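This report describes a protein chain, starting with its aromatic rings and ending with its overall fold. Please look at the sequence and the model before reading on.

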Amino acid sequence: MSANSAPAPLWRVWIDTGGTFTDCIAIDPAGAFHRAKVLSHSALRGTAEVAEDRYSVRLQGFPELPDGFFSGFAFRAFHGDGNQLFASTVEDSAGQFLRLNRPASTGASFPCVLESPEEAPLLAARLVTRTPAGEALPIMELRLATTRGTNALLERKGTPPVFFVTEGFRDLLRVGDQRRPDIFALAIEKPEPLHGPVVEVPGRLDATGAEIEPLNVEALRPRVRALRAEGHETAAVALLHSYRNPAHEDALAAMLREEGFDHVSLSSHLSPLIQILPRAQTAVVNAYLAPIIGGYLDRVGAGAGRREGSSTAMMTSAGGLVHADRYQPKDSLLSGPAGGVAGMAAVGRAAGFTRLIGFDMGGTSTDVSRYADAFDYVFEHRVGDALLSAPALAIETVAAGGGSICRFDGDRLLVGPESAGASPGPACYGAGGPLTITDANLLLGRLDPEAFPFPVSVEASSARIDAIRGAMEEAGQSAPAREALAAGFLRIANERMADTVRRISLRKGYDPASHALVSFGGAGGQHACALAGLLAIRTVLSPADAGLLSAYGVGLARFTAMAERQILRLLAELDLAGAFAEADEEAIDRLASEGIPRGRAEITRRIASLRFLGQDATLAVEWSPGVDTVAAFRGLYAEIFGHCPEDASIEAESLRVVAKSAEAPLAMPEEPTRPQRAEPLRHRPVYFAATGWSDIPVFERGAMTPGGELSGPALVFDSHSALLVEPGWAGRLDGRRTLVLTRERTTEDGK
């Protein structure tokens with residue numbers, strides 16, 4: 001990807017922080033692109049060699065950086081077995097040389113890590129702008145996606161809020177919806193609610209929002225003061241029927257803020273829809289994550305926004321941007337994957353495909369999504385144990401990534417869901433990590449140790465897989481050879497990922513074989529052809545900067561606002577056009593509060609959630625003036641369920657409007673193409689389960705000319721990813737440097 005010709009007045013920096021890596025794409029004031037990838041615990045890996053004085057260290061495998069860049073960083077060195085040798089602090093740095101604050105304990109060369117005292121996005125921003133530690137970053141427009149809230153929720157490392165709920169409902173979240181998480185389990189272990197103390201609130205509204213019993217906030221004040229004295233600072237409020245009338249929640253929130261609560265999450269503001277349970281869960285999750293997300297944004301904002309003119313915007317789970325000071329934690333949980341969906345849609349459209357399946361395989365997990373001319377939204381989604389009532393792009397996640405741990409449990413081979421993460425990372429990182437999918441690919445020759453951005457140890461990977469082979473033999477099983485075992489782990493991971501793709505396609509009535517697979521993420525290219533084969537997909541798109549595509553998608557996003565209305569009226573009795581007109585104004589007003597002038601706002605989607613009267617589930621129908629809504633709903637119902645009731649009345653359950661800032665999309669420059677046979681730079685041995693080891697050609701995408709063609713088997717390396725073109729596949733590099741792979745037809749295709 002390259003820049004537009006018109007120079008930008010400031011740095012534009014787009015960052016996606018994942019569970020293992022933080023990816024960054026930036027455009028400088030002259031319009032040139034810059035790229036960086038750092039570990040998400042804000043660190044860089046490499047090799048160090050200590051000089052004779054033991055205070056001076058020469059770095060290897062690090063980019064050339066200005067003097068003083070690493071000053072104040074923590075320096076940690078490791079043995080080849082991953083055990084830490086020593087730790088120190090960098091006093092000063094000049095180019096590739098460090099000055100430590102205490103002598104090193106060895107004079108040898110060894111793996112090392114340099115850890116920044118700042119958050120990972122700031123380290124990435126410093127790398128692309130070449131700004132040393134301690135100096136203010138240049139004026140920048142920072143766009144950020146993060147998994148910080150997701151990880152805190154899954155690991156239960158948030159701050160339990162005080163839960164204020166209507167009197168008589170103190171056990172609402174403990175009881176939940178009474179569904180059994182595993183219908184065959186004999187002993188059900190329900191997770192504890194995320195909230196802390198519960199305060200029952202007297203006062204009651206009826207189902208229309210009319211007051212039955214007044215709210216007396218003064219009666220609650222002594223209890224609230226006692227909770228503040230105990231150190232509680234966050235609160236979640238969910239009162240019955242507040243979606244109809246938020247007056248009681250608003251009055252309670254005002255009192256809580258008077259008494260010093262730093263953050264108050266109101267269900268009526270976060271999710272103004274029927275059903276107390278998802279509203280309450282959403283409010284509790286929002287409050288639970290508020291201190292973590294708030295502190296994270298404060299630290300990033302302090303580092304990135306020191307200069308006047310800088311700004312920070314956040315990606316939401318629904319694929320839009322909001323300014324950091326208006327960001328709600330509940331909207332952060334799928335923000336990184338949403339960036340990937342935006343990026344893959346742009347790549348697919350540019351390559352001439354409109355039906356796409358996104359395959360984003362990172363270090364910790366794999367996210368899959370479907371795109372067919374428009375984004376698919378969901379308005380309730382589950383993250384871990386929590387069900388949130390919040391808009392999000394329809395994304396399925398499986399715990400299978402490059403860092404997924406491969407192990408033997410005494411009976412069978414398993415991959416994930418546990419991940420080695422960024423620290424210690426895979427065994428090959430040399431920090432004592434376990435065997436992972438990355439190690440398996442390395443052992444099979446599909447990754448080149450010389451192509452890594454930091455040194456890796458094939459020996460460490462070999463030792464870990466040999467330990468698993470030994471454990472299998474001790475259990476009385478026949479242990480396969482290293483290569484066969486590594487290939488078996490990859491097959492397990494591929495099957496798990498293929499099943500996740502089926503959940504967003506076949507199980508919703510769409511044939512994945514009619515889509516192109518867009519492969520991205522640092523690990524996606526290693527598995528794309530195998531995954532496509534399992535799904536009978538015949539086209540794979542591997543974009544330029546595939547390892548950074550989620551960050552690129554963050555850059556493509558527009559400021560977005562969504563208006564939601566609970567309707568619950570018969571469609572025949574509803575002025576649908578009038579209801580949408582009111583929601584249009586609300587969405588545009590929300591964009592205006594983000595600083596988007598009304599003249600630069602546009603309505604992009606109008607969605608009516610409809611159902612037959614008496615049913616619970618709804619179908620989303622796109623609406624625009626002149627659309628026959630009844631016919632559209634009946635046609636969609638018949639398509640999904642195979643029949644349609646003739647005389648049943650239709651109810652409008654809710655409606656939603658999406659408004660976005662009207663911005664010119666970032667151009668993806670296209671180079672002229674000339675059909676020609678691409679020339680490999682070298683060959684290397686790679687193992688295939690069917691044929692064993694073979695010497696196959698290796699290509700560098702940057703050295704290929706648009707129009708260049710190749711045939712599998714082959715390896716194609718980028719600066720941040722590697723693509724394995726399996727036997728039976730052929731590729732062509734298009735004018736935007738997307739490699740378009742096609743699979744030869746076989747009898748298995750049934751065509």
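## Aromatic pairs

The structure holds 16 aromatic pairs. Rings of Phe, Tyr and Trp (its six-membered ring) pair if their centres lie within 6.5 Å; planes under 30 degrees apart count as stacked, over 60 as edge-to-face and the rest as tilted. One of the pairs is formed by phenylalanine 62 and phenylalanine 70, which are edge-to-face with 5.9 Å centre to centre and 80° between the planes. Phenylalanine 70 also pairs with phenylalanine 73: the ring centres are 5.2 Å apart and the planes are at 90°, so this pair is edge-to-face. Ring pairs link Phe62, Phe69, Phe70 and Phe73 into a cluster.

This is a predicted model, in which local features need pLDDT of at least 70 and side-chain atom pairs count only at pLDDT 80 or more, while totals for chains, interfaces and linings use all residues. Residues are numbered from 1 along each chain as its sequence is written, and side-chain values use heavy atoms, with hydrogens and water left out.

## Burial of the ring cluster

Are phenylalanine 62 and phenylalanine 70 buried or exposed? Both are buried, where buried means under 20% relative accessible area, exposed over 50%, and partly exposed in between (1.4 Å probe, protein chains only). Phenylalanine 70 has a relative accessible area of 1%. Phenylalanine 73 has 2% relative accessibility, and therefore counts as buried.

## Charges over rings

A charge sits over a ring if NZ of Lys or CZ of Arg is within 6 Å of the ring centre and within 35 degrees of the ring normal. Arginine 370 lies over the face of tyrosine 510, at 3.4 Å from the ring centre. Phenylalanine 379 has the charged end of arginine 656 over its ring, 3.8 Å from the centre.

## Salt bridges

Side chains of opposite charge can pair when their charged atoms come close. The structure holds 39 salt bridges, each a side-chain nitrogen of Lys or Arg within 4 Å of a carboxyl oxygen of Asp or Glu. In one of them, glutamate 259 meets arginine 221, and the closest N and O atoms are 2.5 Å apart. Glutamate 259 lies in the loop between helix H5 (247-258) and strand S16 (263-266), and arginine 221 lies in helix H4 (residues 217-229), so the pair ties together parts that are 38 residues apart in sequence. Helices (H or I, at least four residues) and strands (E, at least two) are DSSP runs, numbered from the N terminus. Glutamate 259 is buried, with a relative accessible area of 16%, and arginine 221 is buried, with 12%.

Aspartate 409 and arginine 412 form a salt bridge at 3.8 Å, N to O. Aspartate 409 counts as partly exposed, at 43% relative accessibility. Another salt bridge joins aspartate 584 and arginine 606 (3.0 Å, N to O). Here aspartate 584 is in helix H14 (residues 576-593) and arginine 606 is in strand S31 (residues 601-612), so parts that are 22 residues apart in sequence are tied together. Both aspartate 584 and arginine 606 are buried. Salt bridges that share partners also join Glu218, Arg221, Arg225, Glu258 and Glu259 into one network.

## Strands and sheets

Strands of a sheet pair through backbone hydrogen bonds, either parallel or antiparallel. Two strands pair if DSSP finds at least two bridges between them. An open sheet of nine strands has the order S25-S20-S19-S28-S29-S41-S40-S37-S34, with mixed pairing. Strand S25 (395-398) and strand S34 (676-677) stand at the edges, each with a single partner strand, so one side of each has no neighbour in the sheet. Within the sheet, strand S19 (residues 355-361) and strand S28 (residues 516-520) pair in the parallel sense over five bridges. Phenylalanine 359 stands opposite serine 519 in S28.

Strand S38 (residues 714-717) and S39 run antiparallel and are joined by four bridges. A hairpin of four residues connects S38 to S39, and phenylalanine 717 stands opposite alanine 722 in S39. In a regular strand the side chains alternate between the two faces of the sheet. From strand S39 (residues 722-725), Ala722 and Leu724 point one way and Leu723 and Val725 the other way, and all are buried.

## The whole chain

The secondary structure of the chain comes to 15 helices and 41 strands. Buried residues make up 54% of the 751 residues. The C-alpha atoms fill a box of roughly 80 × 65 × 65 Å, taken along the principal axes.
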